[in-house]
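Look at the sequence and the model below. Then read on for a short report on rings, a sheet and a helix.

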Amino acid sequence: DGSTKDDAPAMLKTLLEDRFKLQVHLSNSDQPVFALMVGKGGPKMKDSPELPAIDEDAPLKPGETKLDLAEGPARLVRDPKNPVAGTVNMGTRGSYTQSMDLKSQSLLIDGKGISMSGFIDLLNQVMQIGGSGARQVVDRTGLTGHYEVELKLSIADLIAAARAQGADIPGPPAPPGGGPTEAADPGGGGSTVFQSVQALGLRLEPTKASVQQLVVDNVLKAPTEN
C-alpha cells in the first residue's frame with residue numbers, strides 16, 4: 001500500500017531474491033561487438049540542435065512510457081492507431097520517430113538532435129529486434145555533435161536477422177491491395193542496417209570489446225511456497 005510505479009523495480013528485485021532465491025552479479029568480459037566508426041569520406045549527417053534534457057520527475061503524459069536504455073533514460077510515446085509507430089525521446093541525446101511503410105516494406109526512422117550515445121542506443125534497439133543474441137554496437141567514432149539521421153530499413157532483412165538469432169517471427173505484412181511480401185530491391189524496399197549506416201558516412205566493423213553482462217548465479221525453477 002502506498003507504493004508507486006517507481007518503487008516496482010526494487011520490489012520486484014526483493015521478490016525474486018526472496019521467492020526464487022535469485023543471485024546475480026555483474027561481469028565484464030570480451031565479447032564480439034560491432035564498432036561504429038567514421039567512414040573514409042567522413043560523416044554525411046546534418047548538424048542538429050541539442051534537445052532539452054528529460055525531466056525524470058515530471059509525470060508521464062497520456063500514452064507515455066518510461067524507458068531505461070543502456071546509455072540513459074528515455075520516454076516512449078506510441079501511436080494508438082499504429083503499434084509499430086512511436087517516438088522515443090532521449091533528451092539531450094536526441095529524439096527519433098519510427099514508422100512502417102507497408103508499400104515499400106520498410107521501417108522508417110527519423111532522428112533529430114541525435115548524439116552518438118543516442119545513435120548507439122537506437123542501433124542496439126534495431127539490432128536486437130529478434131532478441132538479445134545480436135552483437136552490441138559500441139561507439140568508436142569520436143564524434144561529439146548532434147545530428148539528423150534517417151534510416152530506411154528493409155523489414156525482410158530485419159526479420160531474417162531476427163530469425164538467424166532463433167526468433168520465431170512471421171513474415172512481413174502484405175502491402176495494401178495484396179502483392180508479394182518479399183522485400184523489394186534496396187532502392188525501393190529499404191536497406192540493411194549496414195547499408196543505412198554507410199549512407200550516413202559511418203560504418204560498422206566487427207571486433208571485440210569489454211561488455212558488461214548480468215550473470216545469474218542461482219535461481220529456482222519454481223518459487224518457494226506462500
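Does Phe 194 count as buried, exposed or partly exposed? At 39% relative accessibility, Phe 194 is partly exposed. Buried means under 20% relative accessible area, exposed over 50%, and partly exposed in between (1.4 Å probe, protein chains only).

This is a predicted model: local features need pLDDT of at least 70, side-chain atom pairs count only at pLDDT 80 or more, and totals for chains, interfaces and linings use all residues. Residues are numbered from 1 along each chain as its sequence is written, and side-chain values use heavy atoms, without hydrogens and water.

**Rings**

The count comes to one aromatic pair. Rings of Phe, Tyr and Trp (its six-membered ring) pair if their centres lie within 6.5 Å; planes under 30 degrees apart count as stacked, over 60 as edge-to-face and the rest as tilted. Phe 34 and Phe 194 are edge-to-face, at 5.3 Å centre to centre and 75° between the planes.

| Residue | Relative accessibility | Class |
|---|---|---|
| Phe 34 | 13% | buried |
| Phe 194 | 39% | partly exposed |

**Sheet**

Six strands form an open sheet in the order S2-S3-S4-S5-S6-S8, with antiparallel pairing. Strands (E, at least two residues) and helices (H or I, at least four) are DSSP runs, numbered from the N terminus. Two strands pair if DSSP finds at least two bridges between them. S6 (residues 106–114) and S8 share seven bridges. Ile 109 has Leu 151 in S8 as its bridge partner.

**Helix**

Helix H2 covers residues 116–127. Of its 12 residues, 10 are buried, so H2 is largely enclosed by the rest of the structure. Among the buried ones are Phe 119, Asp 121 and Asn 124.

Key:
The expected span of a helix is 1.5 Å times one less than its number of residues.
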